[in-house]
Structure formats: C-alpha cells, structure tokens
Amino acid sequence: METSTDQSPRSISPLKAPRKRKRIVISCTECHRRKQKCDRASPCSNCVVRNKQSLCHYENESARKQQLLEESIDRSAEDGGVYSVIKPAESNTAAQFSAFGYAKSNGNNNTTLGIFKKIEDNDTNSALISSLHSTSGDHSGLREEYKSLIRQLPAKPFIEQLVATYFQEVNLQYYPLDEGIFRDLLRSWNNLSYSALNKGPLELSGDLQFFPGLLFQILALALQFQPPDYDPSLDSLKYAAAMSLDDLATDYSKSGSQILCLLGKRNTTLVAVQAGFLRTQFMKNCGLVPESWHNLSQTIRDAQEIGLHKEVFDYRRKPETTPEEVLENLWFEQLRRRVWMLLSLWDIHMAVVLGRPTTIDSRDAKPTFPIDAPIPKNRREVAPAPRTDNDPPTPLTMLLWNVEVVAPLWDIFNLEKEDPRQNNIAKVEKMHELLGQINMHCPPFFRHQNPDTTFDHLPECSWLPASRQYFRNATNFTIMALHRPYIFTNPSSRTAALKAGLEILRAQRTYFNLIKVNHYKMFALVLNTFDAIILCSAIYILHPCENGEDLDDVLQHFNFCMERFETISPRNSMANDALSVLKAIHVRLKRALVQAKYPVNTLPTPAPSSTSASNYESPPEPRIKDEIPAKPSVYPPPPDASQEQKSATGTPYNLPTISNLTTSALPPSAPTPGTSNAWDAFSAPLPTPLQNQNYDFSSIAPLQPMHDLLFNDLGTVDGGGGLDLGGGAALDPKWNGMYGASVGGEEGAWQFEGDFGNDSFWGFMNSYHP
C-alpha cells in the first residue's frame, strides 16, 4: 500500500506539465513589435500609457481570451475554488451563530453551523451566476444599441464633405479640435473591420469608443453652417418629406449625445469631452441656452474626471519610448490644456451672462496655458515652440488673448457675491482702471483702431478682420458687466456702462457686416447685442436727462439692432424671441424721451421712496449746454490708439490679468461731449412728476436681460406686434399716444410678461409710467 501511495503523485505530476506548456502567450501587435511584456488587456496598459489605444489589436483574439480564462481559473483554484475570491472566509451571520455557542464546522458539514454555511454558500453562488448572466445580457444589449447608433452615420463621401465644412467654418471660432489629431482618429475609425465593430464598443480603444459621438456633433455643426445655396447632394441624407438640414443636424447631435450616455462615465477620454463641448455649442446655436449650460457643467465634470484641470499631465515615459512618440505626446498635452482653458472660458462667460453659478471653483489652482505654437504638418518631428513676431497669428493666438480679456469676469463674478447691495464703489473704480490697462496690451493685429494688417492677406488668417470686432465686443462687455449692478444707484456707473454698451453695439454692427449668411445662427450675434441695447434703453428710460451726448448714437443703433434681428430671425431662434421684447422696450424709450420734452401732470404718481435723500441719486435738471458744461466722468476714457501701440510694443500680451496688473491708474481726462440733436430737441425742464417725487430705483434687482429672456420666459403680452419702429418718431411732437396711457396701440403692446418678480426691471416697467 505504501508503494502504491508513493507512486501515485509521481504518476499524476507528469499530467499537469503539458497543460502549462500548451498555453499560448499572445501580445498585442504594438507590444509584440516593441518586444514588451503585454498584460493582454483590451487595450493593454502599455498602449494606454503611450496613448496608442487605437493601435492595440490582437491577431488571435479567441486564444487571448482563452488564456485569460485559464489564468483566472488557475488563480482561483489556488485560493480554493472559482468563486472563493469573492466569498468571505466567514460571513457575519455565521460569526453570529458561532457567538451563540455553536461549534465551528472544521470541514464537517453535518454540524448546525456547517449546514447553515452550506445554505449560505449556495445562495451566494446562485446570485453570482445570475449576475454573470445579467452582465452578459447587458453587454449584448450595449453592443446592439451601439451598432444601431453608428448605422446612422452617413457614407464616407458625405462625412469628408461635412468634416471639411466644419474645419473651414466652425472650428476657427473656438478651436476645440486639432485637425491633425482628429484626422488620425477618423482614419483609424474608417479602418475598423466589420468583425471588430460587431464585437461591441468594449472591444475598442477608449478614444475610438467615443469617436462616433464626436463625429456626430461635427456633422451636426457643419449642417448648421451650410449656406443658403448648399450642395443639393446633401438632400439625399434626409429621410422624410419636408425635412430641413436643421432637422437632420438635430438628429445627428442627439445620436452623438446618446452614444456618450450609452458608454457612461467610467472610461471617459478627451474625445468624449470634446464631443460634450461641441454638443454645448450646438445647443446654444439652437437657442437651447439653459440646456447648453447644464451640458457644459456635465462636460466640465467629465474633463475633471480625466484630470484636465491638473497642472501636470500624468504621462509616465518609459526608457524604450521613441523620440517621435515623445513629441507626439507633447502636442497631445497642449491639446488637453487648450480644451480645459476653453471650458473655463465658457464657464465664467455663461455664468455672468445668464446669472448662473460657475462649475469651476475660482479658488482652484489655475493650470498652465498652452503654448502659442504654430501647428506643424507632422507632430512627430517638431516640438511645441512659441510663435515668433514674424509668424502669423493662429486661432490659438485668438483664444489665448480672449482668455486674457475675459479673465476679469472671475473678479466681477466674485464681487457681485461679495457686494450684493452695490456699495463697494471704490473697488469698482479700481477694477475699471485695471481693465483699461489690459486693453493697452492688446496685440497690434487684434486692435480695432489702427490695426496691424500685415497678415490679413494670408488665406489662413481670413478670420483676422472679424476677430478685431469680436475683441472690441468682449472688452466692452467686461466693462459693462462690471458696472451693470450699479446703474440704478450710481451715476458714474451709468455713464461707464452706457458707453461700453454703445461700443458693443458698434462692434456688433461692424462684425455683422463681415460675416456670411451661414453664420447667422451664431448665438454671439444675439447674446451681447440684446444685453447692451436693453441696458442702454433702461438708462435713458429711468434717467432721460443724463448722457445726452450719446443719445443720437443709441437711438440709431437701436434701429440697427432691430434690423439685424429681423434679418437673422429666420435662421436664429433667439433673435426672434428677443425681437418682441425690443419692440416693447422701444415704445417705452420713445415715451420716456417725449415725456421729458412735453411733461404731463396727469400721470399717476408713484409711492414716495423709503430711502433717505443721501442714498438716492436724483437725475440733475438738464439745461442749455452753453450755460453749464457736462460733468466729467470719474472713469478714464478708452486709451488712445497711439498710446496702445506704444505700450504694446515689446510687452507679452498673455501676461496681464486683473490680478497681476500694476495698481497705477491711467491719467483721467474729461471727455468732450459731442453735440446731439436729439438731446437738444428735448432739453427742457424735468417732467412735473419727476420733480416732485423721488423714485426709489435702488430697489430694482440688477439687470440681466438674457437671463430673463431664457430662464424667466420674458416676453410681451401681444408679442410686441404693431409697433412703430421708425427712428424719427421718437422725438416727433405729433407722435400718437404721447399724452395718453398707451403708445403705438393698446396698453398690452408695451407690457411685459414672464416669470419675473416685482422687484425686477420688467416688473418695475409694468407699473412705471413716466
């Protein structure tokens, strides 16, 4: 017996060795080429670290999975069974039974505790098997749903046509994509075989999983910006009668969003973040601004999930990494920084415009900006190097300066939270001076006055003339946002906000004349224009006897603004919604100016103000200009163009911000008021009600027109129809309705409705009859 017992192990041991020798060690094609040890994951860790997920493929997929299964069984067998890795040594319930005095089983299942553990183990195994079947079913459903979505992609010729349109017409606006990197991904996607796609998205690399979602958003934006005489072949993409390109673009964008939702958040990549940003841009162009604000917040969270907000890109270089791969990863790091900078820019701008909180905390550390480097033809040969003065500006140059111009919005946003009662006028004046210094560092080719036009003739700089008006608009929007909360309580802020708003209207008119019809969908044509024209009108409605030198320009640009909105309203839904409000406020403005010239004593008298006279800034009584000169503003005028050119020479434009500029103030100079026919026409004593009563304008909430239009459903009772838009009627003494309670029709024609409070400007307008 002993002999047989001793020989039994020797007879068994030769049987295990052949099984180990039968294992097939398989590496991915990249690890096999580089002679690296591969963990046989999909993608493997080496390819993930080197950002080569798209190249991680296996020649023998079935053998790889079989080997991974055998290794898993071997490891679990060493621990006592297939499911032993997830079973606790002793459950909490079994431990409680032992505490009651029951003897441990010690391998004997006939004891009370042994029988209980056997029942418990059976329940655990059943739940595990059920979970495995459920997971397998989920993967099958994921695969089929993913395939059903990518089937909606058009044929390759249409994709190439629309991708070219996107990079020519859309990408230059904010530069979220690097065309070279995108083209590489598109090539990898087109090279995927049917068998690879049929296995489902989980068998693809991370970037290729989300790439269809990005591609759908690009196609949607390209369809949005098609000219009126677009290629008729695009009509073949429509699948229903009376379907427009906008309908098709909406379908594409929704399909891209569904792919992002389908794949979830656990394996988010930079491609998914870029797709989320393009979805935000598409929704804003459609007028879905509240929805786009929520989508932007979600995209920022996805970006934080992959570490875009961190200072250093977590890239671990290995000794065997080639120089070409190092250079390519340097450019990839620049793209990551650019995307995060763009998300930060949109976050603060939408927060200030819409009166909503930011997703990014301003107290967090600021990551490094990308290098303003010209994009080479081959990123594997050239390292990122700063652009020289002889190099033409790029869209990244425009984006970097845009960030510098918008950077003060963070301080303005925090000031509104710190000073809800609008009492910190000294800090506002100081910030106004710093904003003027930032404007002095504007690059010469971005100045709207005496610009450097050296590069304007280059085809790659065709966007440069329009960008000058864009920065003119952005600079003055920052000034207007700074003074906007104080226009009801501080005369100097009213003047500064009015002049900034007027500059915005001038810039918008010039910008509109430079763009093409297919750009009429851009949300920027409405957002800043609507805010500026409402602010200027509100100042003249409540204080018609101030800032008379600018009245002619405001009235003229009011008409220009409504003409632009009428022109773009067929292609821009936001312009159509804003137009009815502008018509109603136009009637209010006319009435206020006519009433200032022809005071009527029968107007209803409002309740007297509860604030003290010391806190109330009453409008001064206007007189003939020859008698009393205009009071100079406490804020410095915009810097002279020659001074800008001298200060900008040799100064890096990406250095000054609101936090690191010097404290030296620009020398104030009194502005010279120009002559205004409109002001002279109604220069007369103040209306009797305004002379006898103190209106409490300080109780009005800060003016946020776009927030009220988009979130509070701001509108008019009858849609503002039937209103006279003629500019000459504003000061015509024979204008119909100047003595009555209605102007241009029934009283509802100039009444506002929406979900706003009585303390808002619109609620005040409904009860205020100057």
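Let's start with Trp346, which counts as buried because its relative accessibility is 4%; buried here means under 20% relative accessible area, exposed over 50% and partly exposed in between, with a 1.4 Å probe and protein chains only. Before I go on, this is a predicted model, in which local features need pLDDT of at least 70 and side-chain atom pairs count only at pLDDT 80 or more, while totals for chains, interfaces and linings use all residues. Residues are numbered from 1 along each chain as its sequence is written, and side-chain values use heavy atoms, with hydrogens and water left out.

Now, the partner of Trp346. Rings of Phe, Tyr and Trp (its six-membered ring) pair if their centres lie within 6.5 Å; planes under 30 degrees apart are stacked, over 60 edge-to-face, and the rest tilted. By this rule there are 18 aromatic pairs. One of them joins Tyr174 and Trp346, edge-to-face, at 5.1 Å centre to centre with 80 degrees between the planes. Tyr174 sits in helix 8 and Trp346 in helix 15, so the pair ties together parts 172 residues apart in sequence. Helices, by the way, are DSSP runs (H or I, at least four residues), numbered from the N terminus. Tyr174 also counts as buried, at 10% relative accessibility.

Here is another pair: the ring centres of Trp189 and Phe211 are 6.2 Å apart and their planes lie at 45 degrees, so this pair is tilted. Trp189 belongs to helix 9 and Phe211 to helix 11 (residues 206-224), 22 residues apart. Both are buried: Trp189 has a relative accessible area of 9%, and Phe211 has 0%. Ring pairs also link Phe445, Phe446, Phe455, Trp463, Tyr470 and Phe471 into a cluster.

Trp189 brings us to the core. A nonpolar core is a set of buried Ala, Val, Leu, Ile, Met, Phe, Trp, Tyr and Cys residues joined through side-chain atoms within 4.5 Å. The largest one has 159 residues, and Trp189, Leu542, Phe565, Leu582 and Phe761 touch the most other members. Helix 15 gives the most to this core, with 15 residues. Apart from it lies another core of 13 residues, among them Val405, Phe446, Cys461 and Ala474.

Grid points are joined across faces, edges and corners, and a volume is the space filled by probe spheres set on the points.

The whole structure holds 9 cavities of 30 Å³ or more. The largest cavity has about 280 Å³ of space. Tyr174 returns here: with His349, Tyr470, Ala524 and Asn528, Tyr174 lies nearest the centre among the 19 lining residues. Helix 19 supplies the largest share of that lining, 5 residues.

The second largest pocket has about 1,200 Å³ of space. Of its 46 lining residues, Leu172, Gln173, Pro395, Glu460 and Trp463 are the closest to its centre.

Let's finish on the outside. Is Lys377 buried or exposed? Lys377 is exposed, with a relative accessible area of 91%, and lies in the loop between helix 15 (323-354) and helix 16 (395-406).

Methods: Helix = DSSP H or I, 4+ residues; strand = E, 2+ residues; numbered from the N terminus. 1 Å grid on protein atoms, 1.4 Å probe; cavity = no way out; pocket = protein on both sides within 12 Å on 5 of 7 lines; lining within 4 Å.
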